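Please examine the structure shown below.

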Amino acid sequence: MELETPNPDSAETLSISVAIRAYNSAETLPTILDKLKAQEDTDEIQWEVIVVDNNSTDATAQIVQQYQANWNRSYPLKYFLETRQGAAFARKRAISESNGELIGFLDDDNFPSERWVTEIDSFSQQYPKAGVFGSQIHGEFEVPPPKDFQKIQGFLAIKEYGNQPRRFNAEVLDLPAGAGMVVRKKVWTDNIPKQLQLQGPVGESLAEKGEDFESMIHISRTGWEIWYNPKMCIYHKIPAWRLEKDYLLNLVKCSGLNVCTLRCVRATAWRKPVIVSRIIAGSLHKSLKHFVAHKGQFSDSLVANCQMTFFLSSLVSPIYYLRRLLSQAE
């Protein structure tokens, strides 16, 4: 079994590494690997597929072994086990093991379109100043989403901004999803600190969610641009449980609590009080406006409830940020 595939420093540099973070992915991984085996117009592209198993307890490793035995492609399929739980650790492992100048990240519920790899290569050449660029992400729902779901779909990494490229603005946390994100490896290694403040989802916990945004903010503040590429299309599988009230409210709450942490990434000491003041004033204004607009009644609208939860958790995010700093100083 080709586990812990060696990656010596002398390995040939490739154009693209596709890195899949897999955690108990036995159900979805075969579909993703089949999609990558069926990529079109990649004959002139040197690329590889990397599966980073983030300490799965199911048959994820065995599935990769089966595919490796019958891969029959010019681009390799590699496997690495990352026992440190968390999206940030899995991503860091993918970066260190990859041979590609560009690294495209897929979560284990992301299904790339047939030209995803080709469009990565094309966009990187058209936009050489783009250090990061994100995919157009459509939801593939097990059950119909609630009314007005498009207002909060970004929390579930659904990014639909039309068919024209657009530049993101990291200053206001306008950023692509980590799923479907492509980064230039050298840009990452030169600008991302060894230890991020947020470690990303760990098992079922969402408390550290936002590590992908934190990484992109570091990159944007060194002058690199961040873009949306609509031709890089992926489909995000959304099971019914991810549309349940308790999950969505916890998701937006955790996202809101980390707003101040993200806004203060690489901020100078004198700017942080200004950032905190703006967060408090802006969140308070949005909360009051939202409360009045819905007349204080949120039980009939899950989406409106989620929006209010995000505004209120953002409002208290400076306290959460301070607690984080104190705990890290201990």
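Q: In which helix is the place of arginine 91?

A: Helices (H or I, at least four residues) and strands (E, at least two) are DSSP runs, numbered from the N terminus. Arginine 91 has its place in helix 3. This is a predicted model, in which local features need pLDDT of at least 70 and side-chain atom pairs count only at pLDDT 80 or more, while totals for chains, interfaces and linings use all residues. Residues are numbered from 1 along each chain as its sequence is written, and side-chain values use heavy atoms, with hydrogens and water left out.

Q: Is arginine 91 buried or exposed?

A: Buried means under 20% relative accessible area, exposed over 50%, and partly exposed in between (1.4 Å probe, protein chains only). Arginine 91 has a relative accessible area of 9%, so this residue is buried.

Q: Which residues does arginine 91 touch?

A: Contact means heavy atoms within 4.5 Å. Leaving aside residues up to four places away in sequence, arginine 91 touches Phe105, Gly178, Met181, Trp188, Glu211 and Asp212.

Q: How many residues of helix 6 are buried?

A: In helix 6 (residues 211-220), 10 of its 10 residues are buried, Glu211 and Asp212 among them. Helix 3 is one of the elements that cover these buried residues, and others include strand 6 (130-141) and helix 5 (185-191).

Q: How many salt bridges does the count come to?

A: Side chains of opposite charge can pair when their charged atoms come close. A salt bridge is a side-chain nitrogen of Lys or Arg within 4 Å of a carboxyl oxygen of Asp or Glu. By this rule, the count comes to 13 salt bridges.

Q: Which residue forms a salt bridge with aspartate 41?

A: The partner is arginine 115, with 2.4 Å from N to O. Aspartate 41 lies in the loop between helix 1 (29-37) and strand 2 (47-53), and arginine 115 in the loop between strand 5 (110-112) and helix 4 (116-126), 74 residues apart. Aspartate 41 counts as exposed, at 56% relative accessibility, whereas arginine 115 counts as partly exposed, at 29%.

Q: What does the salt bridge of glutamate 225 and arginine 167 tie together?

A: The side chains of glutamate 225 and arginine 167 meet at 3.4 Å, N to O. Glutamate 225 is in strand 9 and arginine 167 in strand 7 (residues 166-167), so the pair ties together parts that are 58 residues apart in sequence. Glutamate 225 is buried, with a relative accessible area of 16%, while arginine 167 is partly exposed at 47% relative accessibility.
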